Amino acid sequence: MSGPLSRRQALSVLALGAAGTATGCAGPVPDDHGRLTLWGPPAGPTIILAHAVHLGLADFMARDVAVRAWRSPDELRAGLTSGTIQLSVMPLNTAASLYNRGQDVRLLNVMTDGLLYVVSPDADITGPRHLKGRSLAVPYRRDAPDVVLRSLLAFHGLVVGEDMTIRNTGSPIEAVQLMLTGAVDAAFVPEPAASAAIRSGGLVGKTIRRVIDVQEQWRAVLGDPGATLPQAGLAVRGLFQRDNAERLSRLNRVLAEAAVAVNADPEAAARAAAGSLGMPASILEAAIPFSNLRVVEAMTARPAIERYFSTIAAADPAILGGRAPDEGFYL
């Protein structure tokens, strides 16, 4: 195994898995000329959007349909407020919080059953209990993934600050960087950052593994082998939904079809999505099998969503804007 990487080396390696994540995303917006942009983060669910557009499945939505990636929650919120973003994949807790704070946002569907992993070069870590005495980099303090992790640790009797150390970072890539430089023992990240970490480690002689499948651990916490971790879905501004209810219902159906196609042929889906997401197709292809992608209408998924919301809100009610959203949130 090679020695510690310099900051410059780590950033260079991670650039392979995070190309474009620091750039803006100007692109077409909904207008009277038949142009529509579908937005999402540079992650698995947005691959579904991109592949649907590539296959022509979303052509009925507008004359010109494009997919763009937003790069920060602030960009997402600004776009929703201004109306330049009408449809976007986003974390479910973000959509709920916006709704509870008076934003005219509704949830159309769920597009992943969970894509969180702990990655590490330490092969002795195979479960949450093995994090005792170790340090872990975690992005976005007090966001939903952070709360999920803390719930898992508490379930296994681990007290943060006493049994193990958490270092919060501003992004998944920063968390991976800390791990690659040896500053922490492991990183808690979503896909495709987990796949980027594995690829980046391999390029410098470090064997990085997904040592903990958080979705599997979540089922243990809930005591339900069939439980899911519904993390993200497609949300829509209410005015756009009211004007396009029939088309959005059809969009749900074609996105479900596209999700099946993505899972059946990750290579083709990754090629179709790489440009929109600003990431190498090889990283996206590696991430798809671990992203638990499927599309379920929000109302159908509501029981699983509410179970997820109640669990994370028990740890931090503010994460949903103070309360679980009412039935008006679900389409």
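Helices and strands here are DSSP runs, numbered from the N terminus; by that numbering, Y140 sits in the loop between strand β7 (135-139) and helix α5. Welcome to this structure, which is a predicted model.

- Most residues other than glycine have a negative phi, and most peptide bonds are trans.
- Y140, in the loop that runs between β7 and α5, has a positive phi, near 60 degrees, although the residue is not a glycine.
- Between E191 and P192 the peptide bond is cis, with omega at about 10 degrees.
- P192 belongs to the loop between β9 (186-190) and α7.

**Helix α5 and its partner α13**

- The axes of α5 and α13 (residues 298-315) come within 9 Å of each other and cross at roughly 80 degrees.
- Angles of 65 to 115 degrees count as roughly perpendicular, and α5 is therefore roughly perpendicular to α13.
- On the α5 side, A144, V147, V148 and S151 make the contact, while α13 brings Y308, I312 and A315.
- Sorted by class, this contact of α5 with α13 holds six nonpolar residues, one polar residue and no charged ones.

**The cavity**

- How many cavities of 30 Å³ or more are there? The count comes to one.
- The largest cavity has a volume of about 30 Å³.
- Its lining is formed by V118, P128, L131, L149, L152, L153, I212 and V214.
- Which classes of residue make up the lining of the largest cavity? There are eight nonpolar residues, with no polar and no charged ones.

**Helices α6 and α7**

- Helix α6 (residues 172-180) packs with helix α7 (residues 193-203) at an angle of about 30 degrees, and their axes are 10 Å apart.
- Angles under 35 degrees count as roughly parallel, so α6 and α7 are roughly parallel to each other.
- The crossing of these two helices, α6 and α7, is right-handed.
- From α6, P172, V176, M179 and L180 meet A193, A197, S200 and G201 of α7.
- Six nonpolar and two polar residues make up the contact of α6 with α7, and no charged residue takes part.

**Helices α2 and α10**

- Helix α2 (residues 44-54) and helix α10 (residues 245-264) have axes 9 Å apart and pack at an angle of about 100 degrees.
- That angle makes α2 roughly perpendicular to α10.
- The residues in contact are I47, I48, L49, H51 and A52 from α2, together with L255, A258, A259, A261 and V262 from α10.
- The contact of α2 with α10 has nine nonpolar residues, one polar residue and no charged residues.

Note on methods:
Residues are numbered from 1 along each chain as its sequence is written. This is a predicted model: local features need pLDDT of at least 70, side-chain atom pairs count only at pLDDT 80 or more; totals for chains, interfaces and linings use all residues. Side-chain values use heavy atoms; hydrogens and water are left out. Axes are lines fitted to C-alpha atoms, for helices over the stretch in contact, and angles run from 0 to 180 degrees between N-to-C directions. Helices (H or I, at least four residues) and strands (E, at least two) are DSSP runs, numbered from the N terminus. Angles under 35 degrees count as roughly parallel, over 145 as roughly antiparallel, 65 to 115 as roughly perpendicular and the rest as oblique. A crossing is left-handed if the near helix is turned anticlockwise from the far one by less than a right angle, and right-handed if clockwise. Contact means heavy atoms within 4.5 Å. Ala, Val, Leu, Ile, Met, Phe, Trp, Tyr, Cys and Pro count as nonpolar, Asp, Glu, Lys and Arg as charged, and the others, Gly among them, as polar. On a 1 Å grid over the protein atoms alone, a cavity is a set of points where a 1.4 Å probe fits but cannot get out, and a pocket is an open set with protein on both sides within 12 Å along at least five of seven lines; lining residues have an atom within 4 Å of a point. Grid points are joined across faces, edges and corners, and a volume is the space filled by probe spheres set on the points.
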